[in-house]
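Here is a short briefing on side-chain packing and pairing in one model. Please have the sequence and the coordinates open as you read.

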Amino acid sequence: MAGQGGARCSSRGRKANREAERNRYPFSEYLFTDEHGRLIHPDTFTKHPRKFYDRHGFSREYHLHTLRHLYVTTLLHGGVDKQTVADLAGHGDTSFLERTYCHPQMERKLEAARVISGIIPNSVEDKSA
């Protein structure tokens with residue numbers, strides 16, 4: 001079975017093509033397509049975020065990767081475990097995530113230190129009394 005451009009489809013490609021036909025949506029060998037299976041113009045990835053930024057009051061200096069960083073950092077600050085965040089971000093393991101995204105958590109670490117320092121002295125005083 002030939003795919004787009006005369007290239008042979010893999011068995012996975014043939015299966016995806018059959019599923020697309022069954023669901024009546026076009027199948028494309030491209031990774032990023034519009035709803036009709038056509039290749040998306042590269043500028044689309046710049047224009048859509050700019051419209052989003054304008055609607056939500058973000059600086060136009062932000063980039064698509066800025067939203068990714070915000071997403072990952074927000075999940076981490078929200079208490080989602082590192083492995084889950086790494087999986088959602090497409091990282092193979094947590095090491096890259098820890099080197100790249102965990103530095104904003106320093107304030108949370110300081111807050112945890114303040115909490116424990118407020119608890120431990122009271123516990124020590126109570127035991128010695």
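This is a predicted model: local features need pLDDT of at least 70, side-chain atom pairs count only at pLDDT 80 or more; totals for chains, interfaces and linings use all residues.

Residues are numbered from 1 along each chain as its sequence is written, and side-chain values use heavy atoms, with hydrogens and water left out.

**Nonpolar core**

- The largest nonpolar core has 8 residues: Val72, Leu75, Leu76, Val85, Ala86, Ala89, Leu97 and Tyr101.
- A nonpolar core here is a set of buried Ala, Val, Leu, Ile, Met, Phe, Trp, Tyr and Cys residues joined through side-chain atoms within 4.5 Å.
- Buried means under 20% relative accessible area, exposed means over 50%, and partly exposed lies in between (1.4 Å probe, protein chains only).
- Helix 3 (64-77), helix 4 and helix 5 each supply at least two residues of this core.
- Helices are DSSP runs (H or I, at least four residues), numbered from the N terminus.
- In soluble globular proteins, nonpolar side chains tend to be buried together.

- Val85, Ala86 and Ala89 are the buried residues of helix 4.
- These residues cover an arc of only 100° around the axis, so they sit on the same side of helix 4.
- The arc is taken from the directions from the helix axis to the C-beta atoms.
- Helix 3 and helix 5 are among the elements that cover the buried residues of helix 4.
- Glycine 90 follows helix 4 and has a positive phi, near 85°.
- Threonine 94 lies in helix 5 and counts as buried, at 19% relative accessibility.
- Beyond its neighbours within four places in sequence, threonine 94 is in contact (heavy atoms within 4.5 Å) with Lys82, Gln83 and Ala86.

**Salt bridges**

- The structure holds 2 salt bridges, each defined as a side-chain nitrogen of Lys or Arg within 4 Å of a carboxyl oxygen of Asp or Glu.
- One joins glutamate 98 to lysine 82, with the closest N and O atoms 3.8 Å apart.
- Glutamate 98 lies in helix 5 (residues 94-101) and lysine 82 in helix 4 (residues 82-89), so this pair ties together parts that are 16 residues apart in sequence.
- Glutamate 98 is partly exposed at 37% relative accessibility, and lysine 82 is partly exposed at 35%.
- Glutamate 111 and arginine 114 also form a salt bridge, at 3.0 Å from N to O.
- Glutamate 111 and arginine 114 are 3 residues apart in helix 6 (residues 106-128), which means about one helical turn separates them.
- Glutamate 111 is partly exposed at 40% relative accessible area, and arginine 114 is partly exposed at 44%.

**Aromatic pairs**

- The structure holds 3 aromatic pairs.
- Rings of Phe, Tyr and Trp (its six-membered ring) pair if their centres lie within 6.5 Å; planes under 30 degrees apart count as stacked, over 60 as edge-to-face and the rest as tilted.
- The ring centres of phenylalanine 52 and tyrosine 53 are 6.3 Å apart and the planes are at 70°, so this pair is edge-to-face.
- Phenylalanine 52 and phenylalanine 58 form a tilted pair, at 5.8 Å centre to centre and 50° between the planes.
- Phe52, Tyr53 and Phe58 form one aromatic cluster.
- Tyrosine 53 is buried at 1% relative accessibility.
- Phenylalanine 52 is partly exposed at 28% relative accessible area, and phenylalanine 58 is partly exposed at 29%.
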